[in-house]
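Look at the fold before reading on.

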Amino acid sequence: MEFIDLATQQKRIIEKIETNIKTILQHGKYIMGPEVYVLEETLSKYVSTKYTVSCASGTDALLMALMAYNIGQGDAVFTTPFTFFATAEVISLLGATPMFVDIDPDTFNIDPQKLEHAIRQLSRQAPGNTLRPRAVIAVDLFGLTADYDAIHAITQKYQVALIEDAAQSFGADYKNRKACSFGDIACTSFFPAKPLGCYGDGGMCFTNDSQIEAKLKSIRVHGQGDHKYDNVRIGINGRLDTLQAAILLAKFEIFAEEIKLRQEVALRYEKLLSPISTLKTPSVPEGYRSAWAQYSILAQNTKQRKALQDALDQGQIPTAIYYPKPLHLQEAFSFLPYSSGDFPICENVAQRIFSLPMHPYLKLEDQEKIAQTLRSAV
Ligand SMILES: *Cc1c(COP(=O)(O)O)cnc(C)c1O
């Protein structure tokens with residue numbers, strides 16, 4: 001059994017992938033070839049945002065988004081401590097300060113009430129406050145979007161930028177809108193294991209603001225101005241490879257169907273696992289549809305989690321822990337003034353959570369075996 005089965009997917013579209021790659025070998029436009037622009041337009045339509053700027057990874061998408069707002073020294077950027085490292089890494093990379101906010105215990109996403117409290121505290125002209133609130137990076141963890149109605153109201157009120165880290169949620173819905181359409185800039189990743197993945201690294205920024213689009217495009221190529229050797233700002237080399245764009249175009253043809261299949265897999269898990277009283281299955285609030293990048297459940301405690309993972313492992317069922325260590329407890333962030341106990345919900349979840357195999361091609365028999373193994377082990 002695979003944790004994420006990319007081979008079955010490849011079998012379905014191998015001919016299209018080979019054709020697309022051959023086309024590129026023939027036209028030779030390896031950098032910013034026509035496929036890159038077709039992909040940008042295709043995904044722009046799918047998400048319903050005016051502009052898309054493809055780039056080399058989800059991390060670059062986040063970095064470019066912060067750079068588009070000139071975020072740096074003295075700026076506070078609010079985010080969740082329960083995410084992949086890159087979300088907060090880019091904040092520090094630019095010399096800005098990550099400010100963590102605890103999560104909602106059911107969705108595992110940033111808690112809007114706590115977010116507002118944190119921004120309000122920093123907005124006060126108190127003597128110790130040397131940082132300015134500048135942006136929020138909300139993360140759509142495991143494919144479930146954050147609560148954008150609530151978060152957007154807060155970022156509007158405090159006049160800070162809202163960036164959606166949609167690395168895990170491409171294809172998800174929130175109140176009839178697609179993930180990647182929230183905030184001032186949304187960022188996704190095409191890392192192979194994400195809901196829409198390429199065969200390498202890739203990413204994309206989405207925005208409805210033409211000035212931001214222009215800045216992102218400039219930042220993507222060394223801060224380019226009017227022509228190739230005119231540089232108007234500091235940027236990066238953040239382009240998406242033409243080959244990766246071509247692979248994404250092939251995969252996108254079956255993407256909507258795959259998102260549906262993921263719903264079916266998740267629904268079957270819910271039916272099989274929710275009767276197991278000591279486990280907590282994922283909560284999907286009314287009006288949300290997850291992209292199910294991961295199917296993550298909560299054990300009662302670390303000891304039970306270990307026992308369950310061991311039992312699954314013995315049955316050759318792969319599992320993973322996203323994420324075992326909250327960001328505020330990472331050594332890399334030890335220069336920040338955080339310690340254990342600061343974000344109790346996040347810390348508790350990190351001790352109990354683990355993820356089961358999840359992909360569009362997961363078979364009912366495999367899910368039944370997983371459920372049976374969990375039932376006998378609890
Ligand atoms: C994967 C991921 C990223 C980084 O994307 P890359 O393409 O690997 O650089 C950022 N944030 C979150 C939440 C992710 O899951």
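The model is predicted; local features need pLDDT of at least 70, side-chain atom pairs count only at pLDDT 80 or more, and totals for chains, interfaces and linings use all residues. Residues are numbered from 1 along each chain as its sequence is written, and side-chain values use heavy atoms, with hydrogens and water left out.

Two packed helices are described by the angle between their axes and the distance between the axes. Here axes are lines fitted to C-alpha atoms, for helices over the stretch in contact, and angles run from 0 to 180 degrees between N-to-C directions. Helices (H or I, at least four residues) and strands (E, at least two) are DSSP runs, numbered from the N terminus.

Start with helix 8 (residues 242-252) and helix 2 (residues 34-47). Their axes lie 8 Å apart, at an angle of about 40°. Helix 2 is therefore oblique to helix 8. Angles under 35 degrees count as roughly parallel, over 145 as roughly antiparallel, 65 to 115 as roughly perpendicular and the rest as oblique. The crossing of helix 2 past helix 8 is left-handed, meaning that the near helix is turned anticlockwise from the far one by less than a right angle; clockwise would be right-handed. Helix 2 contributes E35, V36, V38, L39, T42, L43 and Y46 to the contact, and helix 8 contributes T242, A245, A246, L248, L249 and F252. Contact means heavy atoms within 4.5 Å. By class, this contact of helix 2 with helix 8 has 10 nonpolar, two polar and one charged residues. Ala, Val, Leu, Ile, Met, Phe, Trp, Tyr, Cys and Pro count as nonpolar, Asp, Glu, Lys and Arg as charged, and the others, Gly among them, as polar.

Helix 1 (residues 6-27) also packs on helix 8. The angle is about 135°, with the axes 8 Å apart. Helix 1 and helix 8 are therefore oblique to each other. This crossing is right-handed. On helix 1 the contact residues are L6, Q9, I13, K16, I17, N20, I21, I24 and H27; on helix 8 they are T242, L243, A246, I247, L249, A250 and K251. They divide into 10 nonpolar, four polar and two charged.

Now move to helix 5 (residues 112-123) and helix 6. Their axes cross at roughly 10° and come within 9 Å. That makes helix 5 roughly parallel to helix 6. P112, L115, E116 and I119 of helix 5 meet A150, I151, I154 and K157 of helix 6. Six of these residues are nonpolar, none polar and two charged.

A polar side-chain atom of D165 sits 2.8 Å from a ligand nitrogen atom. S189 places a side-chain N or O atom 2.7 Å from a ligand oxygen atom. For K194, a polar side-chain atom lies 2.7 Å from an oxygen atom of the ligand.

Finish with the backbone. The peptide bond from Y322 to Y323 is cis, with omega near 0°. Y323 belongs to the loop between helix 10 (302-314) and helix 11 (344-352). F142 is not a glycine, yet has a positive phi of about 60°. F142 lies in the loop between strand 4 (132-139) and helix 6 (148-157).

Terms used:
Polar contact = N/O pair within 3.5 Å; in protein donor to acceptor, adjacent residues only side chain to side chain.
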